[in-house]
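Let's take a walk through this one together, a stop at a time. Have the viewer open and follow along.

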Amino acid sequence: MTLVARELTVGRGGLPILARLSFTVEPGRALILRGPNGSGKTTLLRTLSGLQAPYEGEVEPGPEAVAYGGHRDGMKGQMTVAENLSFWAGLHGVRDIEPALRAFDLQRLEDRLAQHLSAGQGRRLGLARLLVTGRSIWCLDEPTVSLDAENTGRFADMVRGHLAGGGIAVIATHIDLGLDGDTLDVRPYKATLEALE
Amino acid sequence: MRDLALAVRSGGGFGLGLVFFLIVTVLVPFGVGPETARLAPIAPGILWVGALLACLLSLDRIFALDREDGALDLLATAPIPLEGLTLAKAAAHWLTTGLPISIAAAPLGVFLSLPWPGHLWLSLSLLVGTPALSLIGCFGAALTVGLRRGGLLLSVLVLPLYIPTLVFGADVARRGAEGLDAATPLALLGAVTLGCLAGLPFAAAAALRVSLR
């Protein structure tokens, strides 16, 4: 499955941020988004995930192939690590959460309530969720925030494994993950007033 | 299912509505005096208003908590339609507030000197009517989820929509208590609930889509 964006214009609150953005990501490749704060990386990722509609242009395939990972992990503090993962796995029709737990070394924390996890551990749990969605395109927004060097490496390995299986990853990040893919600097696409006409 | 487990565990969410209902019911005799002649006629109305306010108490938690921790975004991208999600949320809300209130209302009727067959009619009317309260509330919560401090606005939006349910529900309980035929208001109450069930999950899902943007 190839991710294609054609002449995409995205924005927030009625104001376009990025205009006329086109790119293609082949299976097994990653696309790293770069740009300063507020340059529209998050908005672009949310549009690719179907959380908001593009102002113009189109994205293929639709949101049903995309797993979104935002700033917040969406994990419930009152449930254990395993319960949280099982919930998302069940929602996506996946049974086995073992591989996801193993990918981030979460087995020992399995029965810990999510509210007792440290920021980094919580982040690992949030990223492990991607594995139980079973979707081929990952749209990740600053996934390595609060991860230490070791777990950043684990994360890079997880994404590499995903790419090796024919998956696609679109990642907004400021660090170099050493992934096989292209880098897209969003700055040149900044929406200007004449682009609105 | 997750919401149910969460509501039970979050401590405060579950049971809070029920305790509120209990306190309102117990307070009324202090306010208007303990005479049976005065309490009995207003008992159905008091119990229904109490149930309504108790329902309102936990409404703003329905979507706000999921939005705060980002789970709402993830749920919206999950392979279940938002309509199904809102229906599940309303069901969980009803199971944690409407259902316990309906069961507790019959014994609480004793505090308010509700005449005997009225207890059953009261519980029945609440059982039929409270799902509508949860569904309407779910719609209101979806509308206000994007707003900070939306709780107050939610109450102002939702309370007027509760009027038909309150009118028919209290009427069922009153007629039941007076030994009159309560079938007609009960049928109308059921119709309100079914109407909410048929339409509001779609409206709530549409409201959620807008506020996710």
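**Helix pairs in chain B, then over to chain A**

Start with helix α9 (residues 163-177) of chain B and helix α10 (residues 183-212) of chain B: they pack at an angle of about 150 degrees, and their axes are 8 Å apart. Angles over 145 degrees count as roughly antiparallel, and so that is the label for α9(B) and α10(B). The crossing in which α9(B) passes α10(B) is left-handed. On the α9(B) side, the contact is made by B:Pro164, B:Thr165, B:Phe168, B:Gly169, B:Asp171, B:Val172 and B:Arg175, and on the α10(B) side by B:Pro185, B:Leu186, B:Leu188, B:Leu189 and B:Val192. Sorted by class, this contact has 8 nonpolar, 2 polar and 2 charged residues. Keep in mind throughout that this is a predicted model.

Staying in chain B, look at helix α6 (residues 82-108) and helix α7 (residues 116-144). Their axes come within 8 Å and cross at roughly 150 degrees, and α6(B) and α7(B) are therefore roughly antiparallel to each other. Here the crossing is right-handed. The residues in the contact of α6(B) with α7(B) split into 15 nonpolar, 9 polar and 1 charged.

Now α6(B) again, with another partner. Helix α2 (residues 16-32) of chain B has an axis that comes within 9 Å of the α6(B) axis, and the two cross at roughly 30 degrees. Since angles under 35 degrees count as roughly parallel, α2(B) is roughly parallel to α6(B). α2(B) passes α6(B) in a right-handed crossing. If you want to pick out the residues, B:Gly17, B:Leu18, B:Phe21, B:Leu22 and B:Thr25 of α2(B) meet B:Thr97, B:Pro100, B:Ile101, B:Ala104 and B:Leu108 of α6(B). By class, the contact of α2(B) with α6(B) comes to 7 nonpolar and 3 polar residues, with no charged ones.

Next, the place where the chains meet. How many residues of chain A are in contact with chain B? There are 20 of them, and they touch 17 residues of chain B. Among the elements of chain A, β5 (66-69) and α2 (81-91) each supply at least two residues of the side that touches chain B. That side of chain A divides into 8 nonpolar, 8 polar and 4 charged residues.

On to chain A itself, and helix α4 (residues 119-133). At 1.5 Å a residue, its 15 residues should span 21 Å, and the end C-alpha atoms are 22 Å apart, which agrees. Is α4(A) largely enclosed or largely open? It's largely enclosed by the rest of the structure, because 13 of its 15 residues are buried. Just after α4(A) comes A:Gly134, with a positive phi of about 65 degrees.

A:Leu48 is worth a stop too; you'll find A:Leu48 in helix α1 (residues 41-48) of chain A. A:Leu48 has 22 C-beta neighbours inside 10 Å, so it counts as buried. Leaving aside residues up to four places away in sequence, A:Leu48 touches A:Val59, A:Val66, A:Cys139 and A:Val170. Take A:Cys139 from that list: A:Leu48 and A:Cys139 are 91 residues apart along the chain, yet their C-alpha atoms are separated by 7.5 Å.

With 11 C-beta neighbours inside 10 Å, A:Gly166 counts as exposed. A:Gly166 still touches A:Pro27, A:Gly28 and A:Ser136, not counting residues up to four places away in sequence. A:Gly166 and A:Gly28 are 138 residues apart in sequence but 4.5 Å apart in space, C-alpha to C-alpha.

Finally, a bit of backbone. Most residues other than glycine have a negative phi. A:Glu7 is not a glycine, but has a positive phi of about 45 degrees. A:Glu7 lies in strand β1 (residues 3-12) of chain A and is exposed, with 12 other C-beta atoms within 10 Å. A:Ser146 also has a positive phi, near 65 degrees, and is likewise a residue other than glycine. Look for A:Ser146 in the loop between β6 (137-141) and α5 (149-164) of chain A. With 13 other C-beta atoms within 10 Å, A:Ser146 is partly exposed.

How values were computed:
Residues numbered from 1 in each chain as written. Chains lettered and ligands numbered in written order. Predicted model: local features only at pLDDT ≥ 70, side-chain atom pairs only at ≥ 80, totals over all residues. Helix = DSSP H or I, 4+ residues; strand = E, 2+ residues; numbered from the N terminus. Expected span 1.5 Å × (residues − 1). Buried ≥ 20, exposed ≤ 12 C-beta atoms within 10 Å, placed from the backbone. Axes fitted to C-alpha atoms, helices over the stretch in contact; angles between N-to-C directions. Parallel < 35°, antiparallel > 145°, perpendicular 65-115°, else oblique. Left-handed = near helix turned anticlockwise from the far one by under 90°. Nonpolar A, V, L, I, M, F, W, Y, C, P; charged D, E, K, R; others polar. Contact = placed C-beta atoms within 7 Å.
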